[in-house]
Amino acid sequence: MAKTPLTSEELDRLTAGLHRMARNLWWTWTQEAQELFQELSPRCWTNLYHNAVAVLHEVSDYELRVRLQDADFANRVRSVLEAFREYMEETDTWGNEHAPQFRERPVAYFSAEFGFHETLPIAAGGLGVLAGDHAKSASDLGLGFVGISLFYREGYFQQAIDANNWQTEYYTLLNPANLPLEPVLNEKGEPVICDVEIGMNKVDFRAWRVNVGRVPVFLLDTNLPQNEQHFRDLTLRVYGGDSTTRIMQEVLLGIGGVRLLRALKINPSVFHMNEGHAAFLTLELIREKIILGKSFHEAMNETRAECLFTTHTPVEAGHDRFSYDLMNYALQRYCAHFPVPFPEIMGLGRVQPKNEHEPFCMTVLALKLSRAANGVSELHGRVSRHMWHSLYPDRPVEQVPIGHITNGIHLLGWMKGPVRRFWRSKLTGAGADGGPGGDTTRFWQKGYRKDWAGALNSPEFWKQMADPDFISDEEIWALRYRLRRELIEFARRRLLIQGQRLTHGDYITFDSLLNPDALTIGFARRFATYKRAPLIFQQLDNIVRLTRDRTRPVQFIFAGKAHPRDDDGKRYIQHIIHLSKHSDLKGSLVFIENYDIHVARQMVSGCDVWLNNPRRPLEASGTSGMKAGCHGCLNLSILDGWWREGYDGTNGFAIGEDSHPDSVEEQDRVDSENLYRTLTEEVIPLFYTRDAQGLPRQWIQRIRRAMVTLVPQFTTQRMVREYTERYYLTK
Ligand SMILES: *Cc1c(COP(=O)(O)O)cnc(C)c1O
């Protein structure tokens, strides 16, 4: 292409384009775009934790213009920006074909947390990650969609482990100017300000816009000088503070969220509540209709026709409950707008509306005011029907109106860079991996850029993984080795930074920590006690023996955060770190601090086995195991949540049966035995049975089966389509 220097206009265009692209999360799931930012300053890329906006702050516009004089770099920028423009302007989408009405009147999706990327740490766990993936797939599908959440300027906590192996929490202030956020402004260029009534106060808020491809997600922010400090701090931390903070955050999310949409002249056709946190939005929709002259009951019925609800957990503590006094305090002024006495509003959140002793439950409110509701896996749907049967006493339990849509993940977003390149070269038949930018031009020019995401999500693409002519055992095994090594090097680097000592006084040699040839088992998730992180160490002596086996060693990598007020969860962390430092497991067990999206991506890609041992049926779905498949990592899991649907006997490993004992003690005992049995009788032998070429053919066969059967099934692409067809479009 052109060897002549770029014109000044062209330089302006490319520089502006890069700045615009940095503020659209599209780049986070587009490898070629990500590589541009990475290449601008590899050092800053790492130090600024993969923050494209911050990298562009570091690199001056002058430097950028100079760098663009490199014709190859300029060409790549040009083609990536062209692909970005095409993506943004694409009209030939699934959404336009199947749900065109949402273009004018979108689906509004309310969630207390969204997990998009490691640079915007405003999610506490799986619920937020799911919401982020939902938005990304809504964008890919071209669905009319808008998200609502809060801008927590200190985000979710960062984890540090102290000298007693005890989790401590610290918070860092997020600076909107250095994040992929844009202020929401009015015609005059000033921030749009809305307000909500909380207690006897009027609390103002503004909003930030996250561009998730074609989809906006608005984050509400009360940190305005006109608000009293404790209201400014409402949006300080994810699930921060006590139940007073919680109810006020939920008033802001639900009621404030509707008001922001109205201020922006967005008129949704459906309001989707992702978990009960957002359920106060129903009150605001009722209030709007009352102002228009509707009776309370008409307003309720019309609101119900607009709302959908997804419940996410059978764990009691996951369902917010507020006392009469707290409700009365938070909503007293607001409820003066309603033509019914306050106790009647209270009744909307009670199973027995007139029972004065019953607290107000957000899940009950959401169920009563939705036209449809669902759980997040088949088993969770069933469990939820039992859980909420008392709300529908005149129906048999099978007819409780809670269905299910099984969760998924945004496939491209979760793929590690080398794996995106690997699958792309498979798709284009380009052969060897070209390294960063290697076959980019060819890829774009071949016209795959539109189809790439579509192809990658299609069952047809993954069906080919059964075919050794399409992909050889050697290629799969080479990829596995590369990914395991990358994880181990990542873990060593992190442990060096963590300064973990294995023995008093002398540092371990980090380069000899973990074995790049050993069967690597990963476990990372929130340390909620029902997830039973230390279960496998109940058989400590046996596990030590497995790690010490010279010919068939296994090793473990753990990560995860406990809720700041969950001392039991913190004791689990303490126990595991203690074992990693002071037991015979040292060197074969490590704990990586500060679990987040980046750590998750390293782990689900590099581990050979992804372990999940929740106390059934409390894992409503679980999604981390879904991220494993496209990387060739196999699941070893209790038949709970999604795995009960995913496992078919050939595509991973099951711990126990499709049932569970009634008593918790019995369950823990049986599950621990079954886990050990499956590990020693199935997992380890399969991994270490090598043929003359040194390949574990049967293991690779399972990887193929996992790719064919699981990868295209457990995506948010499939999930969002299901929501659209079964819930958004039907009344
Ligand atoms: C995927 C993910 C989760 C959810 O994992 P589960 O298996 O559902 O518990 C939680 N946190 C992070 C950072 C994740 O990436």
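Start by selecting S624 together with the ligand: an N or O atom in the side chain of S624 sits 2.5 Å from an oxygen atom of the ligand. Keep in mind as you look around that this is a predicted model.

How much of the ligand's accessible area does the protein cover? On its own the ligand has 390 Å² of accessible area, and the protein covers 92% of that.

Which elements give two or more residues to the shell around the ligand? Colour α9 (126–141) and α26 (597–606) to see them. Then show the whole shell: 14 residues surround the ligand, and the closest are W414, K531, T623, S624 and K627. If you colour the shell by residue type, you will find five nonpolar, five polar and four charged residues.

Time to zoom out and colour by domain. The domain assignment gives domain 1 (8–89), domain 2 (94–404) and domain 3 (442–714). Why does the ligand lie between domain 2 and domain 3? Because both domain 2 and domain 3 give residues to the shell around the ligand. For a sense of scale, look at domain 1 and domain 3, whose C-alpha centres are 34 Å apart.

Now for a sheet. Select the six strands in the order β17-β16-β15-β18-β19-β20; they form an open sheet with parallel pairing. Look at the edges, where β17 (589–592) and β20 (653–655) each have a single partner strand, so one side of each has no neighbour in the sheet. Turn the view and follow the twist, which averages 20 degrees from one strand to the next. As a reminder, strands of a sheet pair through backbone hydrogen bonds, either parallel or antiparallel.

Select I521 and you will see F556 of β16 standing opposite.

Finish with two backbone details in loops. Most residues other than glycine have a negative phi, and most peptide bonds are trans. Go to the loop between β18 (609–612) and β19 (634–638), where P617 is found. The peptide bond from R616 to P617 is cis, with omega near 0 degrees. Your last stop is the loop between α11 (243–263) and β9 (270–274), which holds K265. K265 is not a glycine, yet its phi is positive, near 60 degrees.

Technical notes
Residues numbered from 1 in each chain as written. Predicted model: local features only at pLDDT ≥ 70, side-chain atom pairs only at ≥ 80, totals over all residues. Heavy atoms only, no water. Near = heavy atom within 4 Å. Polar contact = N/O pair within 3.5 Å; in protein donor to acceptor, adjacent residues only side chain to side chain. Areas by Shrake-Rupley, 256 points an atom, 1.4 Å probe, with all protein chains shown as cover. Helix = DSSP H or I, 4+ residues; strand = E, 2+ residues; numbered from the N terminus. Nonpolar A, V, L, I, M, F, W, Y, C, P; charged D, E, K, R; others polar. Domains from an automatic or database assignment. Pairing = 2+ DSSP bridges. Axes fitted to C-alpha atoms, helices over the stretch in contact; angles between N-to-C directions.
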